[in-house]
Amino acid sequence: MSDLTVSTDLLRPAAAAPTAANKDKIEETAKAFEATFISQMLKPMFEGLSTDGLFGGGQGEETWRSFMLDEMAKTTVKAGGIGLSSTVMSEMLKMQEGRK
């Protein structure tokens, strides 16, 4: 009798279709990525603004500006965003399913 060898490909788990919970998590991650991208794109727009003046926020405004930009980006994504999250989400789903 000869020894029976098992291919390592047979031992690997089969790629399963994403579940609804996974899709929700992927969508949340894609939207968070889009919000981060938008925030980074907005950042240079506000770097040159002066925080001095009659109605300026001074040092406090400058300190908390990144939080304001993050919230502006999150609001933009909630309102429909720039379309980046849908592309990121579809690519993440393809990667999870093992497709190219």
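User: What makes up the secondary structure of the chain?

Analyst: The chain holds 4 helices and 0 strands, and its pattern along the sequence is α-α-α-α. Both kinds of element are DSSP runs numbered from the N terminus (helices: H or I, at least four residues; strands: E, at least two). The model is predicted, with local features requiring pLDDT of at least 70 and side-chain atom pairs counted only at pLDDT 80 or more, while totals for chains, interfaces and linings use all residues. Residues are numbered from 1 along each chain as its sequence is written, and side-chain values use heavy atoms, with hydrogens and water left out.

User: How do you know what span to expect of helix 4?

Analyst: The expected span is 1.5 Å times one less than the number of residues. Helix 4 (residues 84-97) has 14 residues and should therefore span 20 Å; its end C-alpha atoms lie 20 Å apart, so the values agree. Just after helix 4, G98 adopts a positive phi of about 85°.

User: Which residues of helix 4 are called buried, and why?

Analyst: They are S85, V88 and L93. Helix 2 is among what covers them, contact meaning heavy atoms within 4.5 Å.

User: What is buried in helix 2, and what covers it?

Analyst: The buried residues of helix 2 are I26, A30, E34, A35, I38, S39, L42 and F46. Their cover includes helix 3 and helix 4. With 28 residues, helix 2 reaches 41 Å from its first C-alpha to its last, close to the 40 Å expected. Over the chain of 100 residues, 18% are buried.

User: What makes a space a pocket, and what lines the largest pocket?

Analyst: On a 1 Å grid over the protein atoms alone, a pocket is an open set of points with protein on both sides within 12 Å along at least five of seven lines, and lining residues have an atom within 4 Å of a point. By that test, S39, Q40, K43, F46, E47, E62, R65, S66, L69 and D70 line the largest pocket. Helix 2 (20-47) and helix 3 (58-78) each supply at least two lining residues.

How values were computed. 1 Å grid on protein atoms, 1.4 Å probe; cavity = no way out; pocket = protein on both sides within 12 Å on 5 of 7 lines; lining within 4 Å. Buried < 20%, exposed > 50% of the residue type's maximum accessible area, 1.4 Å probe, protein only.
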